[in-house]
Structures are given as structure tokens and as C-alpha cells.
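Here are my notes on this model, point by point. Please read them with the coordinates open.

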Amino acid sequence: MLAAGALALAVSAPVLEPVTPSDLPHLSFSATAAQAATPILEARTRPRVASRAAVRRSVTRPAATALRAAQRQVLAVRSEEESRRADEARLLAERMAAVERQVAAERRARAVAASPARAVAARPARAVAARPARARPVVRKRVVRRAVTVRPRATGARARMASVIAFARAQVGKRYSRGGEGPNSFDCSGFTKRAYARAGLRLPHSSGGQAARARVVSRAAARPGDLVVGAGHVGIYMGRGMMIDAGNPRTGVVYRRLYAGLHIERF
């Protein structure tokens with residue numbers, strides 16, 4: 001029965017003949033039209049591609065500009081930070097140099113205080129050694145002799161002042177403390193009180209009280225061991241315009257030159 005149905009379909013279906021290109025002129029026309037239309041389509045799509053590239057550039061350019069601005073800002077901040085660090089390093093180096101100079105000056109002052117006579121005697125020798133040797137003309141000077149009256153100090157007083165001077169030199173470098181009378185720290189009047197006690201003088205622990213017990217002498221007539229008096233301050237005169245005193249907490253007991261505002265008194 002199935003074979004009979006298949007046979008009937010084969011009989012009823014029309015027979016299709018093969019088709020050649022010459023039989024279908026319209027198909028060849030359509031292919032030619034498609035080939036001609038290709039450049040037109042490409043021309044239409046180019047503006048779209050160009051517009052997309054423009055959009056991309058319009059999006060990326062502000063980002064690149066912002067990135068370059070941020071980079072410049074970072075570089076400026078780094079440069080400012082480096083400049084600040086360089087200034088801080090320079091200031092620190094200057095402060096360290098100032099401290100070193102101050103320490104060296106204090107060491108020289110202590111060395112001079114420890115042996116002032118040796119330092120004074122060594123200065124001319126170094127100066128002469130540094131100068132070139134040269135012949136000096138012989139000059140004859142007229143010597144005028146004058147009678148000079150010399151009043152020597154009593155031997156006992158000279159010995160007492162020598163003990164005062166020796167004690168003062170031995171205390172150089174010790175620290176300053178308000179109300180201190182030694183042996184490790186002094187204030188100005190405590191220092192002079194202990195020094196003059198070696199000469200048998202009992203003085204009050206007061207700069208004004210000590211000055212009231214002495215008389216004023218000129219600097220030209222000053223002698224080592226005299227009292228150096230200032231406003232609320234006392235020290236001991238060492239000769240050659242120098243003194244030893246307990247100045248302040250920064251210097252302690254120090255050997256230094258007389259400064260303005262001081263005068264000499266003698267007991």
C-alpha cells in the first residue's frame with residue numbers, strides 16, 4: 001500500500017528542468033548592481049567610523065590633559081618638599097657649626113684660664129716664627145732715666161693675695177648655682193667669699209655687702225687679687241685686664257676679660 005502511494009506522488013509531481021545562466025538574465029543584473037553598490041555602502045559607513053574616532057579623541061583628550069596636569073602638580077609638590085628639606089638641612093648645619101664654634105671658644109678660654117702665663121708667653125714666639133726674617137736697621141735710642149717711687153706691698157699681704165689667686169684659678173670650670181659656696185658649685189659672691197677666706201677676710205655672702213667693705217681704685221692701679229664689682233656682681237681681678245668669676249649657669253666659673261660696667265675695689 002505504501003508503494004502505491006509513492007508511485008502516485010511521483011506521477012503527480014511536475015518535472016523540473018535545469019536552468020542555465022543564459023536563461024536568467026535578471027540574476028546577472030542583480031550581481032552587477034550589488035558590485036556597483038559596494039563603494040556607495042563603503043562611502044556611507046566611512047563618516048560613521050570617522051565620527052566614532054572623533055568621539056574617542058574627544059573622550060581621551062580631556063583625560064590625558066587632566067593626567068598631565070596632575071603629574072605637573074605632583075612634580076611641583078615634590079620640588080617644594082625637596083627645597084624645604086634642603087633648607088632644613090642647611091639650617092641644621094649652620095646651627096651645628098655655631099655650636100662647634102662656641103664649644104671651641106669655651107675650650108680655648110678654659111685652656112687660657114688654666115695657664116694664662118704660658119699662653120701669653122707663647123703668643124710672641126708664634127708671631128715671630130710666622131714672620132719672615134729680615135734685617136732691621138740699628139736705631140740708637142736716647143734713654144731718659146727718671147726717678148720712680150715704688151711702694152712695694154707688704155710681704156704678708158702679697159702672700160695672702162697669691163693664695164686668693166691660686167684658689168680662684170683652681171675653681172675654673174666648676175658649675176654655677178645660686179647660693180653656692182663650693183666646693184663643687186658657686187654663685188658670684190659665694191666664689192669671692194671662699195677665695196678671700198684664704199687671705200683671712202671674712203666676707204658676707206652678698207655682692208653689695210662685699211663691695212661696701214672695699215674702696216674703689218682705678219684700673220691703672222689695679223692689682224691681681226683685687227675685687228671686681230659690677231651691678232649685682234663680683235669677681236676677682238687676675239691682672240692684664242682679665243678676671244675670674246662665677247658668671248651665670250651657662251658659663252660657670254670662667255676666666256675672661258673685663259667687660260663694660262665693671263670697676264675695681266681693694267680691701
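**Notes on the fold**

1. The chain has 6 helices and 8 strands. Helices (H or I, at least four residues) and strands (E, at least two) are DSSP runs, numbered from the N terminus. Along the sequence the pattern reads α-α-α-α-β-β-α-α-β-β-β-β-β-β.

2. This is a predicted model: local features need pLDDT of at least 70, side-chain atom pairs count only at pLDDT 80 or more, and totals for chains, interfaces and linings use all residues. Residues are numbered from 1 along each chain as its sequence is written, and side-chain values use heavy atoms, with hydrogens and water left out.

3. The open sheet has 6 strands, in the order β3-β8-β4-β5-β6-β7, with antiparallel pairing. Two strands pair if DSSP finds at least two bridges between them. β3 (215-217) and β7 (253-257) are the edges; each has a single partner strand, so one side of each is left without a neighbour in the sheet. From one strand to the next, the twist averages 40°. Axes are lines fitted to C-alpha atoms, for helices over the stretch in contact; angles run from 0 to 180 degrees between N-to-C directions.

4. Strands β4 (residues 227-230) and β5 (residues 233-239) run antiparallel and are joined by 4 bridges. Val-228 has Gly-235 in β5 as its bridge partner. Helix α5 (residues 188-197) packs on the sheet and touches β4, β5, β6 (242-246) and β7. Its direction makes about 50° with that of β5. Contact means heavy atoms within 4.5 Å.

5. Which residues touch the most other members of the largest nonpolar core? They are Val-164, Phe-191, Tyr-196, Ile-236 and Ile-244, in a core of 25 residues. A nonpolar core is a set of buried Ala, Val, Leu, Ile, Met, Phe, Trp, Tyr and Cys residues joined through side-chain atoms within 4.5 Å. Helix α4 gives the largest share, 5 residues. Leaving aside neighbours within four places in sequence, the contacts of Phe-191 include Phe-167, Ile-236, Ile-244 and Val-253. Another core, of 8 residues, lies apart; Val-217, Ala-222, Tyr-237 and Met-243 are among them.

6. Of the 267 residues, 22% count as buried (under 20% relative accessible area; exposed is over 50%, partly exposed in between; 1.4 Å probe, protein chains only). Gly-173 lies in the loop between α4 (155-170) and β1 (175-176). Gly-173 counts as partly exposed, at 40% relative accessibility. Gly-173 and Tyr-255 are 82 residues apart in sequence, yet 8.8 Å apart in space, C-alpha to C-alpha.
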